[in-house]
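Dear colleague,

I am passing on to you the structure that I have been looking through, and I would be glad if you kept it open while you read the notes below it.

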Amino acid sequence: MQRKISRRSIVKSGLIAGALLPTVGFISRNAAAATLPPLDPNDPTAKALGFINDATKVDTKTYPTFKPSQKCSTCAQYQGKAGDATAACTIFAGKSVPQGGWCQVWAQKS
C-alpha cells in the first residue's frame, strides 16, 4: 500500500516547520543564558574593570565618575530584561552579572 504525498501537504509542513524553528532557537538561547555561571569579582578582567556585585558599595574616591543610578540593570551591556536578578553581560562573556552590580564600563541603556 503506497501513500501519495500531495504538494499541498509538503508546503503546509514546510510552513509549519519554518514558523517553529525560530521559536525553538529562542527558547534554547534563553535556557543557555539562565545557566551562565556568576562572575567572580576576583576574576582578572572583573578586577581590572572595578567590577563589584553591589553598586551601593562602590568606593567613590577610587571611581569618582560613579553615580548611584548606575548599576548593571541600567547598563547597555546588560543582556537581561527588567526584573531579571542576573543576566549575561557583553563585557564578561560566558558569565552572568547581578542586576545591582557595577563596573567602569557602565554605559547608559538607550
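What follows is an account of the chain as a whole and then of its aromatic rings.

This is a predicted model, in which local features need pLDDT of at least 70 and side-chain atom pairs count only at pLDDT 80 or more, while totals for chains, interfaces and linings use all residues. Residues are numbered from 1 along each chain as its sequence is written, and side-chain values use heavy atoms, with hydrogens and water left out.

The chain has two helices and two strands, which are DSSP runs numbered from the N terminus (helices H or I, at least four residues; strands E, at least two), and along the sequence they follow the pattern α-α-β-β. Of its 110 residues, 23% count as buried, where buried means under 20% relative accessible area with a 1.4 Å probe, protein chains only.

Three aromatic pairs were found in a search of the whole structure; rings of Phe, Tyr and Trp (its six-membered ring) pair if their centres lie within 6.5 Å, and planes over 60 degrees apart count as edge-to-face. The rings of Phe 51 and Phe 92 have centres 5.7 Å apart and planes at 65°, so this pair is edge-to-face. Phe 51 lies in the loop between α2 (44-48) and β1 (86-88) and Phe 92 in the loop between β1 and β2 (96-98), so the pair ties together parts that are 41 residues apart in sequence. Both Phe 51 and Phe 92 are buried.

Tyr 63 and Trp 102 also form an edge-to-face pair, because their ring centres are 5.3 Å apart and their planes lie at 65°. Tyr 63 counts as buried at 19% relative accessibility, and Trp 102 is buried at 2%. Ring pairs link Tyr 63, Phe 66 and Trp 102 into a cluster.

Notes: Rings of Phe, Tyr and Trp (its six-membered ring) pair if their centres lie within 6.5 Å; planes under 30 degrees apart count as stacked, over 60 as edge-to-face and the rest as tilted. Buried means under 20% relative accessible area, exposed over 50%, partly exposed in between (1.4 Å probe, protein chains only).
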